[in-house]
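Please look at the sequence and the model before reading on.

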Amino acid sequence: MPIPGNPLAYTLVYALESPRGPVLIDAGWQHEDAWTALTGGLATFGIDVADVHGVVVTHFHPDHAGLAGRVREASGGWIAMHSADADIVRLFNSVDRARRTGIEHASMKRAGASAAELEGFAGGGGRVDPPAIPDRELSDGDMIDLPGRKLRAIHTPGHSPGHICLHLEDADRIFTGDHVLPRITPHIGLYPYDTPDVDPLGEFLGSLGRIGEMTVDEVLPAHQYRFADLPARVREIVEHHEERLGEVTALLSASPTTLWDVAAGLTWRHPWTEMPMEARRMATGEAAAHLRTLENRGLVRRADAGDLLAFTLAG
C-alpha cells in the first residue's frame, strides 16, 4: 500500500484468513491511494473490506495505523494494539496540532537548534490525523482474535513503546512490523529528547535479543520484502547500533557538547546541512536515544549548559 511522498514508498499489509473474516496486520497510510490499494488487494482474493473481522496494528505510526479507523467504519471490525501505543494514540487525539508543534519546537531549541534554523518550522505532527483509538489493548503473549489460527503478540519495544511482532504459530511465520526489516533499520528515537527513565534503544536491543532466539520459516516485515534467517538479520542490526554508539562516543569529550551538535556530527544518508528541519528533528531524537543508552552504560553523562541539553564523557 503506497505512502505518498515518503521514501519508504509502501507498507506491506497482510490479511490472514479466518471463518469470521480476515484479520489485517496493519492498515496502511491514511490516503485515498492507499485505500484503493487495500480494497483492490482484498478484492483480488474475493474479499470485501466489509468482511474484515479486525485489524491488529503493530504500532501506532501513520503508515501502519492510518486506515484502521476507516476499515472499522466499513466493516464493524475491531482495532487492537499494545496498551503502550494505545496510550500514545489517546494522547495524540487529546492534543491539538499547534500544541504538538510547540512541543517539538521547544525540544529542538533546548537541544541547541538556532532561532534561524527553527524559523518557519511547521512541525512533524501536523501532516496527518491521529490514528483511531483502538477497541482492544494487547499485552505481551496475548493471542489475537483470529478464529481457527494461533497468532500471538510479542512485545518488542524500541521503534515505538508498544511495538509488537506477531507469531503465526500454526504456520511458523513471524510478522515483524518495523522491528526487523531486511535491509534497513527502524528509527529509534527519544521524544521529548530529555524524557526521564526511558531507554528506547536499550529496549530495542533487548527485544531484538528475544526475537533473535526464534527460528521461523519466514519473516514477513512491514516494508521491503519477506526473508529468512531471522537470527542473522538481528545480529546485523545489533552490530549497526553498537557501531553507532561508538560513533556518538567519539564526538564527545570532557567539555559539554550539545545534543544538536552531536546529531549534526553523526553520519547520515544526506549531509546535515541539506536535511530539512523535520529530518533534523528525527535525527536528533535518534542521537538522544543513543546517548541515553550510553548514559545507562555509564559511558556518558549529562552536563547541561544552561538551558541547553549537553553531554560529556563519563569519568
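Q: What makes residues of helix α1 count as buried, and which are they?
A: In α1, the buried residues are Ala34, Trp35, Leu38 and Leu42. Buried means under 20% relative accessible area, exposed means over 50%, and partly exposed lies in between (1.4 Å probe, protein chains only). This is a predicted model, in which local features need pLDDT of at least 70 and side-chain atom pairs count only at pLDDT 80 or more, while totals for chains, interfaces and linings use all residues. Residues are numbered from 1 along each chain as its sequence is written, and side-chain values use heavy atoms, with hydrogens and water left out.

Q: How do you know where the buried residues of α1 lie around the helix?
A: Seen down the axis of α1, these residues fall within an arc of 105°, so they line one face of the helix. The arc is that of the directions from the helix axis to the C-beta atoms. An α-helix has 3.6 residues a turn, so residues three or four places apart point the same way. The cover over the buried residues of α1 includes β1 (14-16), β2 (23-25) and α3 (68-75), where contact means heavy atoms within 4.5 Å.

Q: What makes the pair formed by the backbone oxygen of Pro157 and the side chain of Ser207 a polar contact?
A: A polar contact is a pair of N or O atoms within 3.5 Å; within protein, one must be able to donate a hydrogen and the other to accept it, and residues adjacent in sequence count only if both atoms are side-chain atoms. The backbone oxygen of Pro157 lies 3.0 Å from a polar atom of the Ser207 side chain. For the backbone oxygen of Phe204, the distance to a polar atom of that side chain is 3.1 Å.

Q: How do you know that β6 and β7 pair?
A: Two strands pair if DSSP finds at least two bridges between them. Strands β6 and β7 are joined by 5 bridges and run antiparallel, with Ala153 opposite Leu166 in β7. The open sheet has the order β6-β7-β8-β9, with mixed pairing. Strands β8 and β9, for instance, pair in the parallel sense over 4 bridges.

Q: Why are β10 and β11 called edge strands?
A: β10 (257-258) and β11 (300-302) each have a single partner strand, so one side of each is left without a neighbour in the sheet. Their open sheet of 3 strands has the order β10-β12-β11, with antiparallel pairing. Between β10 and β12 there are 2 bridges, and Thr258 stands opposite Ala310 in β12.
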